[in-house]
Amino acid sequence: MATVETNAASSAVHVEEHDHHEELSFLRKYVFSEDHKTIAKQYMFSGIFWAIIGASLSVLFRLQLGFPNMTLEWLRPILGGWIDESGKLDKEFYLALVTMHGTIMVFFVLTAGLSGTFSNFLIPLQVGARDMASGFLNMLSYWFFFLSSVLMFSSLFIETGPASGGWVIYPPLSALPQAMSGSGLGMTLWLMSMAIFIVSQLLGGINYITTVINLRTRGMSFSKMPLTIWAFLLTAILGLISFPVLLSAALLLIFDRSMGTSFYLSEIYIGGEALPNIGGSPILFQHLFWFLGHPEVYIVLLPALGITSEIIATNARKPIFGYRAMIASMIGIAFLAFIVWAHHMFVTGMNPFLGSIFMFLTLIIAVPSAVKAFNYITTLWRGNIVFTPAMLFSIGLVSFFISGGLTGIILGNSALDIQLHDTYFVVAHFHLVMGAASAFGFLAGVYHWFPKFFGRMMNPTLGHIHFWLTFVGIYLVFFPLHYIGIAGFPRRYYSFTTYEAFRTFGDLNMFVSIAAIFTFTAQFIFLWNFFYSIFKGKKAALNPWNSNTLEWTTPLHPGHGNWPGEIPPVYRWPYDYSKPGATSDFIPQNVPYSQTPESNLPHENALIALEKEIEAQNYNDQFKQPH
Amino acid sequence: MVYLVGLLSLVFLVLAILVLTRLTSVLKGVNGDTPTQESEGASVSNRVNGFLFLIFFVVGAAAAAWSFIHASQFFLPEASSPHGRHTDNLFWLTMSVITIAFVVTNALLFYFAFKYQYRKNHKATYYPENHKLELIWTVIPAVVMALLVFTGWRAWRDITKEAPENALAIEIVGKQFNWEMRYPGVDNDKLGNYNYKLIDAANSLGIDLEDESSFDDVTVSNEMHIPVNRPVLLKIRAKDVLHSVFIPHMRVKMDAVPGMPTRFWFVADKTTEQMRNETGNQNFKYEIACTEVCGQGHFSMRTTLIVEDEDSYNKWMAEQKPWLTKNPEYLARVPEKLKAKAAKYAPADAAAPADSTAAPVEEGVGATTSASLR
């Protein structure tokens, strides 16, 4: 690909080659496609499918928590035997619901759905590449994910139930089928599914990194890359380093489960017999799990923050404040993400000295996070804000990121974590900071890039209504959970009536459940808007948000290869909004400084001399290769 | 509470419908053009959305304040242990710091959204960076963080240091789905050895009778008694899967891990009786819960904790029969050389009644074998 060529290739040649690519069968074009845009859509539809499943599960267990005395007989047609004789949710099935909700939301929706959709879609379009570095690996990545989804989905329907030991699947509970029925076949399927999922993530991640490093268009230096791409790059690096550790944790667990090894098992007496396993450590699993598990939080969150940076700058009509600080803080967060994992384990019996080290490291991560929040707020300051649905969701994201992030300062403090560990305070914290914030990143991204995905617009009014109902709903769900957490209520409890200390707050739990159902229902506005607009939405303008990034220089329905002619070179950073002196309030990245003398800053006039150099650069255009 | 949700959702529903109706009329005026940045920015909906952010902040702040005040009556009462009161103070200190940050940042976010909404023929300020400002808001959180970390670290260090010499060691063992306690007994102050392979129906803790310290050990499964104002060291283990000892009022939490004994020591300084008077609830009981998911009965692993003064504790302890006395058939497991020492724990037919003065003499012997208890 790196052959030396001049950039004088005529566009006629491209059109010819372009035609060559059109001769794809239906199967290759829409199913086993190697086109990043199609794969992104596949991820998007899968992510939305999983989000509906995952959210429905949470509604089920919220029914149990909010209305403990309600008979759920009416759910028997769907849940069958999981409704017990008295018309209540089965106790183990409750745990299965919690487990699958967590697994689905964290991995299948917010990792695959968010990162898979937008990394695939935006990386080639925003760095100016024809496609991913390897379309084939990219296709494999999706289909491995699909296979893993099928396995996970099938585990919902087996007789012994899906995995039920919490999404963190701590052994020995997850290793011993005699401990709970979900640790039987359900757990086997969970582990198989996750192993394949990790393969998919690695294939995707390698591709994202390679594409960003090697396939940037002429002039697209790292210091001119949109923050979305920075976020996706760092996310992919995080995943590439941490997911293999989860794979090894899962493999050792598979060995313990079916080959009689003792990596995690020791001195266990269960089901009337003493197991022979000696010398293993359940804590080892927790270390390995959280070595992925903590970076995973940022794997979920960083793409959302990247998307938000782009959307906020575009719709505030202002450059993102502190572009370099944003990159630096993302790099800081990405680095620190690897050395804070044990703050999930302060009270697991880990050496207390280790606990204090991890407390120091954990609270450092608050600093780059705070910088990001301040930068977002300052970007709004003296802007000219257009409230597109995407912008609303981005502002909502910043609010969740702040509100949820702040309680992390409490939980990261090991002395305070003693009381709050594994209570609803933790549930409230991470649902706001990573769950709701990342979900808002996904929704913002869908609203913002919908015109590029489908060439049509979503209905903005429905988008506004969807935002307000969801934004208010999420705060109504998760804000009260802090109170329940401060009162000490433990997580993953089927019911709170056993304890005197936890018998209060019955009405608050009911309130939360009603709010959850309300928020869930509001999502159907989005679904309707989404599917309706794919077919019947208004035809989009080429650059509907007056944005600077390269994806808006492609045709309305970019074909294979994205740009019909040459890939445009890039001369400036992506945030030249409302530049003083400029005629328009945005100057796209592909507009050279020589064309905008009226708005150039002094040092930018010097860059005009470099334009010839940029244009003459050799770059990796896959389409220039003879086939 | 339910009224509140009804009210709030009604308010927002009305506002949403307002947006909808006004926007559709505006869109009709635009004559169905493709929506663009300008048309959307200039529309009524933009003003409505900006205004809603302001409303959201005001109503949200009021709702947050009201709900907090309302909910605080259900928070756990003040901790019944000195370390708990200390961490409670730190918690509320940190909470006030983050509440300030929470209110200020959210206020700015929503106010800016309202204030700087799109105006026709207006241009945003090109303001890409300000190193001084960035430096300030990097340093301030860093300093605040450092202070919080330092206070937290000191508390953590004190809580996790070695238990004092005079601490009463009690073993608490988690299993699906209840807790079992073992006391060192009245004759010596030591818990005997255990081995999970010795577990059977009667010997559910795997007490090792080759260790003479275990002869006088007392097991209890329905409630835990501890004396007030005396350090208590919980030696925590699990038989089957992970569990976690959680005593909410003591601010105590530590996982129970199969194969790896853990520990947590604390001082309870309010008796159950005192708490009954303080809370005005004559049925008040301290409770022990499980906070690590362990299976279908996870939510009901309840044990009560009774904190009483030293005298009533000693009285209670004296009434307890050692495990060996309750299970005399296990006398056969005692090795020959210790049979004589074990004899006094034999029930009814025992030659000598329990004599507590004989105990201290034997103390040194058991010390070498109890090492596996950590």
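Analyst: In this predicted model, 119 residues of chain A are in contact with 103 residues of chain B.

User: Which element gives the most to the side of chain A that touches chain B?

Analyst: The residues on that side of chain A divide into 77 nonpolar, 28 polar and 14 charged. The element that gives the most to this side contributes 13 residues, spans residues 460-486 of chain A, and is helix 16.

User: Which strands stand at the edges of the open five-stranded sheet of chain B?

Analyst: The sheet has mixed pairing, and the order of its strands is 3-2-1-5-8. Each edge strand has a single partner strand, so one side of each is left without a neighbour in the sheet, and these strands are strand 3 (218-220) and strand 8 (262-267) of chain B.

User: Is strand 7 of chain B largely enclosed or left open by the rest of the structure?

Analyst: A residue counts as buried if 20 or more other C-beta atoms lie within 10 Å of its own. Five of the five residues of strand 7 (residues 252-256) of chain B are buried, so this strand is largely enclosed.

User: Which residue takes a positive phi in the hairpin of strand 6 and strand 7 of chain B?

Analyst: Strand 6 (residues 243-247) and strand 7 of chain B pair in the antiparallel sense over five bridges, and B:Ser244 stands opposite B:Asp255 in strand 7. The hairpin has four residues between the strands, and the residue with a positive phi, near 55°, is B:Arg251.

Conventions: Residues numbered from 1 in each chain as written. Chains lettered and ligands numbered in written order. Predicted model: local features only at pLDDT ≥ 70, side-chain atom pairs only at ≥ 80, totals over all residues. Pairing = 2+ DSSP bridges. Helix = DSSP H or I, 4+ residues; strand = E, 2+ residues; numbered from the N terminus. Contact = placed C-beta atoms within 7 Å. Nonpolar A, V, L, I, M, F, W, Y, C, P; charged D, E, K, R; others polar. Buried ≥ 20, exposed ≤ 12 C-beta atoms within 10 Å, placed from the backbone.
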